[in-house]
Amino acid sequence: IAEQARTAVEQASTTAALEQVRVQYLGRKAELPNLLRGVAELPPEQRGAVGKAANVARRDLEAAIAARGEALQAAELETRLVGDRVDVTLPGDPPQPVGRLHVLTQTRREIEDVFVGLGFSVLEGPEVESVFYNFDALNHTPTHPARARTDTFYIEGARHADTDTEVVLRTHTSPMQIRAMQETPPPLYVIIPGRVYRRDSDATHTPQFHQVEGLAVDTDITLADLKGTLLDFSRAIFGPDREVRLRPHFFPFTEPSVEVDVSCFNCARDGSPCQVCKGTGWLEILGAGMVDPNVFGYVREHGYDPDEVQGFAFGMGIERIAALKYGIPDIRTLYTNDVRVLEQFG
Ligand code: PHE
C-alpha cells in the first residue's frame, strides 16, 4: 500500500489530483486507516509490530503528500504569475476619435454667451412665419423686392389664421422683434438665434442659414448704445483690439439703418493688407439700426409708445461670423458634413 501511495503522490500533477490521492489513501474509507483501526482486534503479540509499521507508513505518506503539495502550489503560483504578467511597455489602445460640436453650434453659443453676459435673454421663434410678421409689421412696402416669390419660399396655399396673410419660411429672424414685443412690455433686451431661408445659392449663400437677431428697447436708448454693444460683441468674438464702424444703409424697419464693419483682424496679423478684406481694413459683419417708430406702431398697445421708448436692433448671419473668424472660404462646406472639415474647429 505504502509503495502504491508513494507512486500516486509522485504522479499527481495538480493540487486537485493530489487531494484525490490523499482521500484515496488516508481518507475515512481508505485501507491504511482501516488497518490502523483493526490493530486493536489483532492478537496482542502482533499488535505492536503491525501498528508501528502502519503508523510509520501513514506518517511517511502524510509527509510525502505535504511536500508534494507545497511543490505543486509553488509551481501553480509561478504559472499564474507568468500568465497574468502585464507588459507595461506595450503601446496602449489607439485613442478613440472624439466628437465635437458643429462649428456653427459653437459660434452660435459663443454669440449667445456674449449677449447673455450683457444682460440679454435668449428667445426662439417659428421658422414658418406669416407675411404679416416677416414683412408687413416690419414696415416693408407692399412692393418690397424681398417679398418676391423668386427671393422667398412661400408655403403654397397656406394662410396664417391670426393675421390673414400668406405663409413663408422666414427670411430673417426680425419677425421675432414683433413677437417679442407683443409678449413682453419694455424694457426689453433679447437675442433670437435661429434658421432662416432665402432662395439663394453660391459660395457665400445657402438657401437655409442662421441668424442672430438682437433687440433692445428702453427709455433713452441711442445709436451710441448700439455701437457700444456691438463693439463689446466684436472684441469678444474677434479679439480685444477690434474697432467697429457704422456705415449708413437702409432697412425698412430701422431708421436710421447702418451696416456694421469690424476692423480686419487678418491684416493686423501680418501687418499688410489682406485678401479677406481686400485691403480695405474692414469686414462687414451685420445690419442694424434704431427701431423705426412705424414698427412700434404695430405693438403700441403692448406698451411700446414710440414717443416713450426707443430701441436698437441688429441681425447677423452666424455663417458669416464663423467664416470670418475661422477663414472659411466656402460656407457650403459647413453643410456637407465632411469630418475632415468639421474636425478643424474646436
Ligand atoms: N433682418 C436684416 C437682414 O436680414 C438684418 C437686420 C436686423 C437689420 C435688425 C436691422 C435690424 O438682413
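Is Asp-220 buried or exposed? I looked it up in this model, which is predicted. Asp-220 has 66% relative accessibility, so it counts as exposed; the cut-off for that is over 50%.

While there, I checked the backbone. Asp-220 isn't a glycine, yet its phi is positive, about 65 degrees. I found Asp-220 in the loop between β6 (208-218) and α8 (223-238).

Next stop was Asn-139, in the loop between α6 (131-134) and β3 (154-160). Asn-139 is another non-glycine with a positive phi, about 70 degrees. I noted Asn-139 as partly exposed, because its relative accessibility is 23%.

Then I went looking for buried residues. Glu-129 sits in strand β2 (residues 128-130). Its relative accessible area is 2%, so I put Glu-129 down as buried. I saw that its side chain makes a polar contact with the side chain of Arg-179, at 2.7 Å. Beyond its close sequence neighbours, Glu-129 also touches other residues, including Asn-134, Val-168 and Pro-175.

Ile-192 was next, in strand β5 (residues 188-197). Ile-192 counts as buried because its relative accessibility is 0%. I liked this one: Ile-192 and Glu-124 are 68 residues apart in sequence, but their C-alpha atoms are 5.5 Å apart in space. Glu-124 is also one of the contacts of Ile-192, and so are Thr-173 and Val-212.

One joins Pro-186 and Pro-187, with omega about 0 degrees, and Pro-187 is in the loop between α7 (175-183) and β5. Another joins Glu-255 and Pro-256, with omega about -5 degrees; I placed Pro-256 in strand β8 (residues 254-263).

Notes. Residues numbered from 1 in each chain as written. Predicted model: local features only at pLDDT ≥ 70, side-chain atom pairs only at ≥ 80, totals over all residues. Heavy atoms only, no water. Helix = DSSP H or I, 4+ residues; strand = E, 2+ residues; numbered from the N terminus. Buried < 20%, exposed > 50% of the residue type's maximum accessible area, 1.4 Å probe, protein only. Polar contact = N/O pair within 3.5 Å; in protein donor to acceptor, adjacent residues only side chain to side chain. Contact = heavy atoms within 4.5 Å. Lists of a residue's contacts leave out its neighbours within four places in sequence.
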